[in-house]
Amino acid sequence: MWSKPKKCKPEESKTVRQWAILGRIPIDALNPSYIWETQTDGPVTVYYHKENTREMTEEEKLAFLADTKGYSAHYLKLFLRKR
């Protein structure tokens with residue numbers, strides 16, 4: 001499904017929160033462009049290319065604004081469950 005990242009995240013990739021601030025959301029949460037991992041905690045952040053995002057609906061914007069800190073955690077949990 002995904003391959004372990006080489007060294008650096010692609011410049012055009014952003015986190016779920018960064019995309020949400022721009023009004024975008026991942027299309028396929030299980031297809032990140034980069035996974036930030038630590039040796040002790042494993043995957044801690046997932047990044048997506050713009051091609052794997054779409055404009056948010058009004059409901060999705062409200063969900064993000066209601067919980068800006070927990071919003072990204074939801075996508076990381078989805079990714080970890082399917083890993």
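Visitor: How exposed is R54?
Guide: In this predicted model, R54 is partly exposed, with a relative accessible area of 32%.

Visitor: Which residue forms a salt bridge with R54?
Guide: The partner of R54 is E60, and the closest N and O atoms of the pair are 2.6 Å apart.

Visitor: And E60, does that count as buried or exposed?
Guide: E60 counts as buried, because its relative accessibility is 17% and the cut-off for buried is under 20%. R54, at 32%, is partly exposed.

Visitor: How many salt bridges does a search of the whole structure find?
Guide: The search finds three. One of them joins the side chains of E55 and R24, at 2.8 Å from N to O. That pair links distant parts of the chain: E55 belongs to strand β5 (residues 53-55) and R24 to strand β2 (residues 24-26), 31 residues apart.

Visitor: Is R24 buried or exposed?
Guide: R24 is buried, with a relative accessible area of 14%.

Visitor: Which residue pairs with K61?
Guide: K61 forms a salt bridge with E58, with the closest N and O atoms 3.5 Å apart.

Visitor: Where do E58 and K61 lie relative to each other?
Guide: Both are in helix α2 (residues 58-66), and because they are three residues apart there, about one helical turn separates them. E58 is exposed, at 53% relative accessible area, while K61 is partly exposed, at 30%.

Visitor: Why would such side chains pair at all?
Guide: Side chains of opposite charge can pair when their charged atoms come close.

Visitor: Let us change topic. In what order do the elements run?
Guide: Starting at the N terminus, the order is β-α-β-β-β-β-α-α. This gives three helices and five strands in the protein.

Visitor: Which strands form the open sheet?
Guide: Three strands form it, in the order β1-β4-β3, with antiparallel pairing. β1 and β3 stand at the edges with a single partner strand each, so one side of each has no neighbour in the sheet.

Visitor: What packs on that sheet?
Guide: Helix α3 (residues 68-82) does, touching β3 and β4. The direction of α3 makes about 115 degrees with that of β4.

Visitor: How many bridges join β3 to β4?
Guide: Five bridges join strand β3 (residues 34-38) to β4, and the two run antiparallel. They form a hairpin with three residues between them. Within this pairing, E37 stands opposite P43 of β4.

Visitor: And how many bridges does β1 have with β4?
Guide: Strand β1 (residues 14-15) pairs with β4 over two bridges, again in the antiparallel sense. Here K14 stands opposite Y48 of β4.

Visitor: How many residues of β4 are buried?
Guide: Five of the seven residues in strand β4 (residues 42-48) are buried, so this strand is mostly covered.

Visitor: What share of the residues in the whole protein is buried?
Guide: Buried residues account for 33% of the 83 residues. The protein exposes about 5700 Å², and carbon and sulfur atoms supply 52% of that area.

Visitor: One last item: what share of the contacts comes from residues 24 or more positions apart?
Guide: Among contacts with a separation of 6 or more, such residues account for 71%.

Technical notes: Residues are numbered from 1 along each chain as its sequence is written. This is a predicted model: local features need pLDDT of at least 70, side-chain atom pairs count only at pLDDT 80 or more; totals for chains, interfaces and linings use all residues. Side-chain values use heavy atoms; hydrogens and water are left out. Helices (H or I, at least four residues) and strands (E, at least two) are DSSP runs, numbered from the N terminus. Buried means under 20% relative accessible area, exposed over 50%, partly exposed in between (1.4 Å probe, protein chains only). Contact means heavy atoms within 4.5 Å. Accessible areas come from the Shrake-Rupley method with a 1.4 Å probe; for residues, only the protein chains shown count as cover. A salt bridge is a side-chain nitrogen of Lys or Arg within 4 Å of a carboxyl oxygen of Asp or Glu. Two strands pair if DSSP finds at least two bridges between them. Axes are lines fitted to C-alpha atoms, for helices over the stretch in contact, and angles run from 0 to 180 degrees between N-to-C directions.
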